[in-house]
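Reader: I have this model open and would like to go through it with you piece by piece, starting wherever you like.

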Amino acid sequence: MPQTAPSVPPDTDLVGRLAERERLAGYVALGRVGGVSVVLEGEAGIGKSALLSWLASRALEDGYRVLRCTGLEQASPVGYSALHELLHPILGLIDALPRRQREALTTAFGLTEGPSADRLLVSIAALGLLEEAAASTPVCIAIEDLQWVDRSTARVLDFVALHLAEAPMLVAATGRPVTEPGGVVGGVMERLPIAALDADAAEELLARVAGTLRPATRARVLREAGGNPLAIRELATALNERGTPRGLAAVLPITGRLQHALLGRLAQVPPRSRELLLLAAVADDAGMPDILEAARLLDLTSADLTPLETDGLLRVAENRPVFRHPLLRAAIQGAASTASVHRAHWALAQTLKDPVRAAWHRASSTFERDEAAAAAVAEAGRHAQARGALAEAAAAYQRAAQLSEQTAHRAARLAMAADAARAAGLSAEALEILEEAEGLAADAATTSRLAVIRSTLSLTTGLTHYSRASRSTGPSPGADAESRAEVLWAAALNARGRNLPAAEWRRIEDELRALDTASPLKPIALAVLAPLGHVEEDLRALLPQLVPEMVHRPLGMISLAVAAESLQDLETALTCWGLSLERFHELGAPADEVQSLRGRAGILLLRGRIREGLADAEYAARMARDTAQPLMESMCVATVARARAMLGEPEATSAALRRLHALASQYPLAMASADARWAAGIVALAGNQYRDALIEFTHMSVHPTRSLWAIADRTEAAVRAGRADSIRQNLAQAEQAARAYRSSFLTSLVERGRALLADADGDAAGAQEHFARAVQAGELSESPFELARTHLLFGEWLRRERRPAEARAHLSGALSVFESVDAKMLAERAAAELRAAGEAPRRPDGTSAAPAAALTPQELQVARLAAQGLSNKEIADRVYLSHRTVSTHLYKVFPKLGIASRAQLRDALQGRGEQAS
C-alpha cells in the first residue's frame, strides 16, 4: 500500500535553513547503509518541526518507508501509546518475531492478555519489527516532540537508537535542548542544534509573512523575536491584527513572548468555544467523538468548534484535534482557572469508555481525598503494570496514594509505586517514594514489603542502605516471624553486598538466631553472614536441601546461591544461579536475570570455563545497561575485567576497569571492588609487578569470600615481592576455612600457597609435599584451570630444583589447559618454562592456536545455543536479541570457526574446550 506523502513545510518555514537541510540530507544518505539517529534540538518555535517534515519528505523521495509518532506534553497515562502509533503501520509483520517478543509487544499494546510485558522484551520486539520492515525497504522514524513522549515509549526509543547497528534505518526526532546529559530521552542520539535565524534570514522571513509593516515596527519584531521563526510569524500577525501592544518595547523571555502571541487571538473567541478548546487541551490523546460527548455535559456543541477552526486555533484531522502549534495546548491550560480545568477533566471522566483514561481524568478533577477515585486510579496502575508500562504504573500508584483517605492505604499504594518505579529503572524516584511510604507505614505487611524493596533497591542501584525496619531491635508491631525473617534476610544480603561494619553483621545474626521460625530464609541469611571458617556443620549440609523450596522463588534462589558461595559449596551455587536464571527467564524478568548471569559467570571463571564466563558477564553487562541498573552493570563489568585478566589480555582488562571506574565512582559495591582488584592483581602478577599485585590482592579483603578465592594469588605475590611474612596469618585463616567448609577447591589453593611459603623458607621437602597435596585436591575440585596453575608452579619449582624430566610432565599438562581455554600469558609462560626444561612445546593436534579464539563473547553465546539445536528465533528469545542480529552473529561465527553449517558447531566448540550444551 503506497504511503501518503508527509506534508511539505511551506517555503517560509525553511527560510535560512540551507545548512541544516544539507546536514539532514546527509543523514538520509547514511541511513540507507547503516543505522543512524539524530535529535533536532532547539527552543520552542525555532523550526524543528518544519525541518523534520522536510527530512521525512526527502526520505520518502529517497525510497524510505516513513513511520511517525508524536509526543504530547500531557503524555498518555496508559504507556506505550506513542510506540503503538509508531509501529501500528507495520504490525502486520509481527508474526516474524520470536514468540516471547511477539507476545510482549501485543501485551504492551493491549492487543492480547498475558503476563506483564517486560520493557527489555518490548524494546527488542520493537527493534526486531523495525528491522523486519527495513529488510525490504529503508525505514525513517520521525518523532515529533521527543521530550513529551510517554516514558515507556521513550525508553524503547533510546534502546532502538542504541542498537540500530547495520540496519538501514534513520531515527530523527525533535526535542528541547539537553540540560541534564544522560537524564533525558534521546540521550544516545546524535544531537543537531537548531539555532536562531541570522539577521538576513530573519528579515527575509518577516518580509514574506508581513511585508507591509512599518520599518519601526519591523525592527521591533526582529528585536523581540531574537531570530525565532515562530515568534517572528506570531508577533507579526498580532501586530497586523491589533497594532503595536503596550509594553512590546520591553524585552520579554521567549516563552512569555510566545505565550502572549499564541493566546492573543483567544480573546476574540466566544466563551463557549474557549471552554471547548480547554476541553480538547486536557483530553490527552482522546479523539473528537470523545471530546464532543464530554462537551455535551458542559452544554457545548459541535457548533462551538466553528470559531476555533475559523480562527485557525484548532482543526480536526482524522477525528483528532490538531492545535495550531504544540505549545498552544500547554498555554491554554496554563491560562485557565483551576476550577475550569477540573470541570473539563470531570466531564471527560464521565464519558470516556476507556476505564484507565477515565480514572486518570477523575483523579485530575479534584484536589480532595477520594477513596473511590484512588481505587480507580490504582486499578489503572495495575492495568499499566500488566502491560509492562512500569513508569506509568508508578505514577498511577503514587496518584492513588495522594487521593487515599486512610493512611494505611496511602502507605501501601506508595509501596506499590516505589516497587514499580524501581522495576522501571527510576531509581531516584523510587527512593523518594520509598522514604515517604516509610514515614506512613504502620502495619507489619507494608513495613516488611518496604524493607525488602529498599534492600533490593540498594543492591541494584547503590542509592540507599538497608531499611529502618531491619535496624529495629525487635519485630515490627504485629509482624509474624516469617515476615521478620524476610526483613532480616534482605538486611543480611545488603550487609554482605555492601560490606557494612562487622557490628551490623553481628546484630543481624543475633536477631536471626533469636527468631523462632521454620522459614528457609533464616538458614540462608545465616549462611550469608557466616564468618570465615565459623559455621555449623548442619547449616552447610542443609543448603542443598533448600534448593527445591526456592524453585518458585527466584530471588530466594539467588540468595541461596550467595549463601552457598559463602560456605564454599560451589556446586550448589552453580545450580542455584542456573535455576534462578531459568525461572526469571520464564517469568519474563530480564532485569533480574542480570544478577543470575553475573553469578553464574563468577562460578564458571572459578571452574576455568573462562570464555563461557566472559560471555555470561558481557551479556549481563549489556542487559544491566539496557534495563537501567548501573550498580549491577558495575558488578558485571568487574567480572568481565576478571575474565579478561585470566585470559591474559591486559589492554582489554584495563578498558573494562576504566569502564568500571566510571560506574563505581557513583555506585560503589564491595563485590565489584574486590573483582576489580582481583583483575588488576592478576595483570600485575603476570607482568612481574609483584608489589603492585600484592597491594591489589590485599585490598580484596572488602569481600571475604572473594578474598578467600584469591588466597593463592595473594600468596604468590607476597612471596615474589619478598613479603612472605605478610601472608602467613591470612593463609592460616584460609586453611581453617577450607577445613571447616570441606572444600577441595579452597584446599587446593591453600596447599599451593603453603608450597610457595615452604619454598621461600628453604624447605624443599615441605614444598614438594604441599605441591603434591595441591594437585591431589585440585583433581577433585572440578577446576582444571586452577589445577593447571598449580602444575605450572610445581613444574617451575621442579625445574629450578634441576629435575627437568619431572617438570616437563607438569608443564606440558598446564600448557595444554592454558591453550585450550585461550589463557595467552599463562600459555606463553608455560611454553617458556617447557623450553627451558628441554622440550619444544606443541599442541597435541599439531596446531598452534584454537581457530575460535576470535569469537566475541556474544558470538560464542549464540554459537553455543545454536549448537544445542535452537533456531535463530529461539536464540533471540533466550538472549534478548533480535532474530536478525542472531543471524548476523552466526554469519560471522562460521568463517571464524572454519565451518560451513550449524551441524558442525558442536564439534568446533568442543574442540576448543567450550561446553556446547
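**Helix pair, sheet and single residues**

Author: Let me start with H15 and H16, whose crossing is left-handed, a term used when the near helix is turned anticlockwise from the far one by less than a right angle, with right-handed used if the turn is clockwise. Please keep in mind that this is a predicted model, in which local features need pLDDT of at least 70 and side-chain atom pairs count only at pLDDT 80 or more, while totals for chains, interfaces and linings use all residues. Residues are numbered from 1 along each chain as its sequence is written, and side-chain values use heavy atoms, with hydrogens and water left out.

Reader: At what angle do H15 and H16 pack, and how many Å apart are their axes?

Author: Helix H15, residues 338–351, packs against helix H16, residues 355–363, at an angle of about 150°, and their axes are 8 Å apart. The axes are lines fitted to C-alpha atoms, for helices over the stretch in contact, and angles run from 0 to 180 degrees between N-to-C directions. H15 and H16 are therefore roughly antiparallel to each other, given that angles over 145 degrees count that way, those under 35 as roughly parallel, 65 to 115 as roughly perpendicular and the rest as oblique.

Reader: And which residues make the contact?

Author: H15 contributes His-345, Leu-348 and Ala-349, and H16 contributes Ala-358, His-361 and Arg-362, where contact means heavy atoms within 4.5 Å.

Reader: Let's zoom out; how many helices and strands does the protein chain have?

Author: The secondary structure comes to 47 helices and seven strands; these are DSSP runs numbered from the N terminus, with helices (H or I) needing at least four residues and strands (E) at least two. Of the 917 residues in the protein chain, 57% are buried, which is to say under 20% relative accessible area, whereas exposed is over 50% and partly exposed lies in between, all with a 1.4 Å probe and protein chains only. Among contacts with a separation of 6 or more, 70% come from residues 24 or more positions apart.

Reader: What does the accessible surface come to?

Author: About 36600 Å², of which carbon and sulfur atoms account for 52%, by the Shrake-Rupley method with a 1.4 Å probe, and for residues only the protein chains shown count as cover.

Reader: Now the sheet: in what order do the five strands come?

Author: They form an open sheet in the order E2-E3-E4-E1-E5, and the pairing is parallel; two strands pair if DSSP finds at least two bridges between them. Strand E2 (65–70) and strand E5 (190–193) are the edge strands, each pairing on one side only. From one strand to the next, the twist averages 20°.

Reader: How many bridges join E2 to E3?

Author: Six bridges join these parallel strands, and Thr-70 has Glu-144 in E3 as its bridge partner. Strand E3, residues 139–144, pairs in the parallel sense with E4 over five bridges, with Ala-142 opposite Ala-172 and Ile-143 opposite Ala-173. E4, residues 169–175, also pairs with strand E1, residues 36–41, over six bridges in the parallel sense; there Val-36 stands opposite Leu-170 and Ser-37 opposite Val-171.

Reader: Which residues of E4 are buried on one side, and which on the other?

Author: Met-169, Val-171, Ala-173 and Gly-175 lie on one side, Leu-170, Ala-172 and Thr-174 on the other, and all are buried. E3 is likewise covered on both faces, with Val-139, Ile-141 and Ile-143 buried on one side and Cys-140, Ala-142 and Glu-144 buried on the other.

Reader: Switching topic, what is phi of Tyr-80?

Author: Near 65°, a positive value in a residue other than glycine. Most residues other than glycine have a negative phi. Tyr-80 sits in the loop between E2 and helix H3 (81–87). Asn-688 also has a phi near 65°, and its place is in the loop between helix H34 (670–686) and helix H35 (690–698).

Reader: Is Tyr-80 buried or exposed?

Author: Tyr-80 is buried, with a relative accessible area of 0%, whereas Asn-688 counts as exposed at 52% relative accessibility.

Reader: Last one: where is His-889 found?

Author: His-889 belongs to helix H46, residues 883–897, and counts as buried at 12% relative accessibility. Leaving aside neighbours within four places in sequence, His-889 is in contact with Gln-858, Glu-859, Val-862 and Leu-881. Its C-alpha atom is separated by 9.7 Å from that of Leu-855, 34 residues apart along the chain.
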